[in-house]
Each structure stands twice: as structure tokens, then as C-alpha cells.
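Q: Hey, I'm new to this one and could use a quick tour. Can we go through it bit by bit?

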Amino acid sequence: MKKILESLGIADVNAGGFSGGWMGGGKVQTVVSPINGEALASVTNVTPLEFDAILAKCHQAFASWKLVPAPKRGEVVKAIGDELRRNKAALAELVTLEMGKTLREGLGEVQEMIDICDFAVGLSRQLYGLTMPSERRMHRLQEQWHPLGVVGVITAFNFPVAVWSWNTAIALVCGDTVLWKPSSKTPLTAIACTKIAEKVLRDFGYDPAICSLAIGKGSDIGDLINTDPRVALLSYTGSVPGGRHVGRLVQERFGKHILELGGNGAVIVSEKGDLDIAVQSVYFGAIGTSGQRCTSTRRVIVHHSIHDTFLDRLTALYARTPIGDPRKDEILMGPLVDTAAVETMLAAIQTVKDQGGRIVCGGERLPAAGGCYVTPCIASVPKDLPMLQEETFAPVLYVLPYGPIEEAIALQNGVPQGLSSAIITNDHRESELFLSAAGSDCGIANVNTGTSGAEIGGAFGGEKETGGGRESGSDAWKAYMRRQTSAINFSGQVELAQGITLEL
Ligand code: UN1
């Protein structure tokens with residue numbers, strides 16, 4: 001363990017702030033692994049005064065970074081991607097140590113970081129603006145995309161490094177600088193990533209404050225980011241209540257925001273689908289990352305004719321789930337992030353029972369070191385169970401039957417969140433209906449694959465209480481830039497738009 005920490009530049013005590021130099025004069029926090037309760041290292045949080053200095057430097061760095069040609073900025077992102085390739089195994093292991101996802105998922109998370117760097121390098125030569133025909137003679141109408149400013153990135157514990165990279169790789173090629181506030185539960189991975197970016201920026205001779213870091217609590221450091229007008233765009237990943245708070249504060253100062261909030265993923269399993277695909281997709285979607293993805297499968301809506309068969313097969317798979325130390329190859333489900341998450345899960349299961357749900361399997365705390373291990377839970381529930389409306393960030397899966405496909409779609413859409421959804425069917429009409437305007441209302445709608453594991457090439461995010469933001473691939477980069485529309489007159493005369501004339 002020590003060797004991994006060392007190879008990523010993590011010492012016993014680490015400063016939690018960076019903006020060209022490392023600092024941290026605030027509260028000391030010991031990071032404990034959910035794997036076994038062992039202390040990994042300590043971090044000193046930044047004080048409000050230090051935060052102000054960090055943001056000032058990050059803001060200052062924007063003045064020169066925005067003038068670097070985008071393809072040159074892309075070269076920096078390419079080097080960050082190379083550095084991530086070199087450090088993939090160690091960084092994945094640190095992710096596993098710090099938040100408890102399995103090593104194979106940790107490796108997948110770092111792969112997402114590498115992939116988004118590659119995507120951003122290509123994008124650095126494709127920040128296209130449109131030209132439009134002008135309604136006036138010898139005029140041209142065009143738009144350009146310019147760098148925006150400091151992008152504040154507030155991330156959650158469950159994807160402690162990938163979400164930073166989706167935002168940072170895109171922000172950097174767009175000419176923005178980044179100020180990162182990671183979850184207080186995962187500061188070490190944030191320090192490791194910032195050190196990687198620091199090295200690359202120094203090697204290139206750019207200001208390392210381009211990738212700044214401020215570790216501290218949401219209620220103090222987070223709110224300083226939310227309210228400071230020097231932060232042009234705030235990309236926030238977290239809970240719905242958190243997003244409501246952030247959104248309000250950022251809107252108040254007319255800042256821009258990207259909100260990635262809760263999900264409540266559902267899979268519709270049609271009787272016309274492949275049962276093997278259904279069982280496997282639901283299984284990974286529900287137990288992957290111990291049910292702590294915003295894209296996790298929380299609900300399965302199964303055609304009544306195959307409901308019992310599906311449930312039996314899934315329950316058999318649940319019973320065999322290898323739970324334990326997520327660093328071991330054979331383990332498919334590691335611990336929850338901390339004991340508070342275990343308590344939340346157990347309380348949710350009690351509520352499900354009180355509301356008339358039947359626990360089919362799992363939902364127990366396992367007596368293991370660290371106290372964060374549970375068995376994944378399946379509950380068979382009525383369609384109107386109030387808990388179906390809520391996102392419990394744990395491996396609790398609700399199974400409910402449907403009749404007509406329209407009913408399944410209505411059930412899938414009948415929750416406040418709108419992130420990820422899927423249908424398992426070989427019936428072309430059903431899948432097209434699901435993808436149509438009458439179908440899923442989510443940002444992600446998959447066919448014959450589960451709700452989680454979105455690829456970086458697409459825009460990631462969702463509707464309704466999920467917040468409406470999009471990050472990562474496709475044209476999500478546009479949120480990280482400011483659009484400028486220009487009318488250019490080369491006629492030698494004045495001609496007003498909309499046919500307005502002036503006799504002077
Ligand atoms: C999240 O849970 O916040 O689609 C992000 C997925 C991952 C990202 C999840 N690529 O499951």
C-alpha cells in the first residue's frame with residue numbers, strides 16, 4: 001500500500017490545496033479505507049483565506065492560458081493522458097483503497113480518464129463555429145467559441161477521478177482553467193491527479209495553477225466556489241438537494257452551471273428480450289460499485305409472464321455474489337463507502353418493508369473489518385411503493401411486474417429523476433417506442449445493455465431532478481465556452497437588418 005501511495009506522490013500528511021504551490025493550513029483529516037478501516041494518509045484542508053489565494057491564481061492563469069492555441073492546449077491534455085496510462089494501475093488501486101470499488105472497476109475508471117483525454121485532443125482541432133447566411137447584401141454572419149474562464153469542478157466520492165477528468169480534459173482544450181473541490185471522502189485520489197497535471201504543466205512550462213485544487217467541506221469551501229463570480233462555470237456532481245443549493249447560488253450571480261444529480265435507473269425487461277442479457281445487465285447495473293453509481297440500476301420492470309423466472313435467476317446470481325476485499329480478483333462487490341452509507345441502506349430497507357415491499361434476498365450487514373460490507377438486496381414491490389421515487393445510494397433493487405409496454409414506460413418515467421434507463425427486447429417496435437418521444441424521458445436510454453457504464457464519447461447527464469447538465473463527449477464542450485455571434489459588413493454601405501431604413 002505504502003508503495004502505491006508513494007508512487008503517486010502521497011505522503012503521510014498532505015497539503016489539500018494547490019495553485020502552483022501546495023498549501024493547507026486548515027483542519028487535518030485522516031483518510032480511512034472502507035476496505036478494512038485502515039488509515040491511508042492525512043490531508044490538511046484549505047482555509048477560506050487560502051482558498052481565496054488559490055482561486056486568484058487559477059483566475060490569473062486563465063489570462064494567458066486562453067491565448068494558447070487550442071491544438072497546443074490539446075498537446076498538454078495528450079501528455080496528461082500519457083501520464084495516466086503510465087500510472088493506470090497505481091491510480092486504480094488508490095481509487096479502490098480510498099472508496100472501495102473493485103480493482104477491475106477502478107481500472108475502468110482510469111480508462112475513462114485516458115479515453116476522455118484522447119477525445120479532448122481530437123476536439124482541440126474541432127471547436128467549430130457555424131457561419132450563417134446573412135439577410136443583408138455583402139454581409140457575413142458567424143459564430144466563434146471562446147474560452148470561458150475558471151471552471152469549478154465539484155465531484156462526488158463514487159467516481160473520484162473520472163468526473164474530474166471529463167471536466168478537466170474538455171475545459172483545458174477549451175482554454176479554461178480548473179479549480180477542483182473533490183468529495184471530502186476521497187481527497188487522496190484528487191491530490192494524486194493534481195500532481196499528475198502539475199508535472200505535465202510544469203514540463204510544458206505552463207502555469208501549474210491551470211489545474212488547481214481546494215480540499216475542504218462543501219459547506220465552507222464549496223459555498224465559496226458557488227458564490228464567487230470569478231468561477232465562470234460550475235460543474236457539480238452530487239445529490240439532488242446539493243444541486244438545488246448549488247444551482248440557486250450560481251444562478252443568483254448569473255454564473256453558468258452543469259448539474260449532474262441523482263438518478264433512479266430502471267431496466268424494462270420484455271418477454272420478447274433475451275433473458276441472459278437481461279439478468280446479466282441488471283446484475284451488473286445493480287451491484288456494480290456496490291450500487292453507488294448515479295447510473296446504477298435501482299428498478300427492474302419485468303413483464304408479468306417472465307417475472308418469476310427472471311426473479312429466480314437473478315436471486316440465484318445474487319446469492320453467489322463474491323463480496324469482500326475489492327482488490328482481490330474474484331471479488332465482484334466491495335464495501336460501501338463508509339458506515340453511514342450502510343446505516344442509510346439498512347434504514348431504507350426497513351422503510352421498504354414498512355411500505356409493503358417484500359425482501360427477496362440480501363440487505364444484511366456483514367461482520368467484517370471496517371464495517372462497510374453488506375449483501376446486495378432485491379425487493380419485490382408494488383407499483384406505488386413510495387420508496388420507488390427515491391434514490392438510495394446502495395445495492396437495493398426493486399422488482400415490479402408490468403403488462404402492456406406503455407405501462408412499463410410510464411412506470412420507468414414515473415419518478416422525479418431522469419438520468420439512465422434501458423430496455424431488454426428483441427422486438428424492434430418496442431425498442432423504437434422506448435427511444436421515441438413517447439418513450440424514456442431520460443438523458444440515457446439504452447437497448448439491450450444496462451443503465452450504467454456510459455461511454456465518454458456521448459454527452460453524459462439527465463433530465464428532471466438529475467439537473468439537465470451534460471458533460472463528457474458529443475458537443476458537451478459548448479458549455480465550457482462562450483459563444484460569440486458576429487455580423488461582418490464588407491459592402492461599404494450601411495444596411496440595417498429586418499429591412500429597417502433610415503433616411504439621413
Ligand atoms: C456517476 O455515477 O456519477 O455511466 C457517473 C457510468 C459511468 C459514470 C457514472 N461511466 O456508469
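Q: Let's start with a single residue. Which helix does Ile405 lie in?
A: Ile405 lies in helix α13, residues 405-413. Helices here are DSSP runs (H or I, at least four residues), strands are E runs of at least two, and both are numbered from the N terminus. One heads-up: this is a predicted model, so local features need pLDDT of at least 70 and side-chain atom pairs count only at pLDDT 80 or more, while totals for chains, interfaces and linings use all residues. Residues are numbered from 1 along each chain as its sequence is written, and side-chain values use heavy atoms, with hydrogens and water left out.

Q: Got it. Is Ile405 buried or exposed?
A: Ile405 is buried, because its relative accessible area is 13%. The cut-offs are under 20% for buried, over 50% for exposed and partly exposed in between (1.4 Å probe, protein chains only).

Q: Which residues is Ile405 in contact with?
A: Skipping neighbours within four places in sequence, Ile405 is in contact with Ile268, Ile423, Glu430 and Leu433. Contact means heavy atoms within 4.5 Å.

Q: And how far apart in space are Ile405 and Gly439?
A: They are 9.9 Å apart, C-alpha to C-alpha, and 34 residues apart in sequence.

Q: Zooming out, what domains is the protein divided into?
A: There's domain 1 (2-261 + 467-484) and domain 2 (265-447). Those bounds come from an automatic or database domain assignment. The C-alpha centres of domain 1 and domain 2 lie 31 Å apart.

Q: How many residues of each domain are in contact?
A: 20 residues of domain 1 are in contact with 25 residues of domain 2.

Q: What about the inside? Which residues touch the most other members of the largest nonpolar core?
A: Val269 and Phe310 do, in a core of 133 residues. It draws at least three residues from each of domain 1 and domain 2. By nonpolar core I mean a set of buried Ala, Val, Leu, Ile, Met, Phe, Trp, Tyr and Cys residues joined through side-chain atoms within 4.5 Å.

Q: Who does Phe310 touch?
A: Not counting residues up to four places away in sequence, Phe310 touches Val269, Leu275, Ala278, Val279, Val282, Val300 and Val302. There's also a second, separate core of 19 residues, which includes Cys58, Ile154, Ile225 and Val231.

Q: Switching to charges: how many salt bridges does the structure hold?
A: It holds 24 salt bridges. To count, a side-chain nitrogen of Lys or Arg must be within 4 Å of a carboxyl oxygen of Asp or Glu.

Q: Why would such side chains pair at all?
A: Opposite charges can pair when their charged atoms come close.

Q: Which residue does Lys185 form a salt bridge with?
A: That's Asp338, with the closest N and O atoms 3.5 Å apart. The pair links distant parts of the chain, 153 residues apart: Lys185 is in the loop between β9 (177-181) and α7 (187-204), and Asp338 in the loop between α11 (307-319) and α12 (339-354). Lys185 counts as partly exposed because its relative accessibility is 39%, and Asp338 is partly exposed too, at 22%.

Q: What's Thr186 doing in that loop: is Thr186 buried or exposed?
A: Thr186, in the loop between β9 and α7, is buried, with a relative accessible area of 0%. Leaving aside neighbours within four places in sequence, Thr186 is in contact with Glu98, Met99, Ala156, Phe157 and Pro160.

Q: Which residue does Asp441 meet in a salt bridge?
A: Asp441 meets Lys464, at 2.7 Å from N to O. Asp441 is in the loop between α14 (428-435) and β20 (444-447), while Lys464 is in strand β22, residues 463-464. Another pair is Glu463 and Arg470, at 2.5 Å.

Q: What about networks of salt bridges?
A: Lys78, Asp82, Arg85 and Asp118 are linked in one.

Q: What about Glu83, where does that lie?
A: Glu83 lies in helix α3, residues 70-86. Glu83 counts as buried because its relative accessibility is 10%. Not counting residues up to four places away in sequence, Glu83 touches Ile196, Lys199 and Val200.
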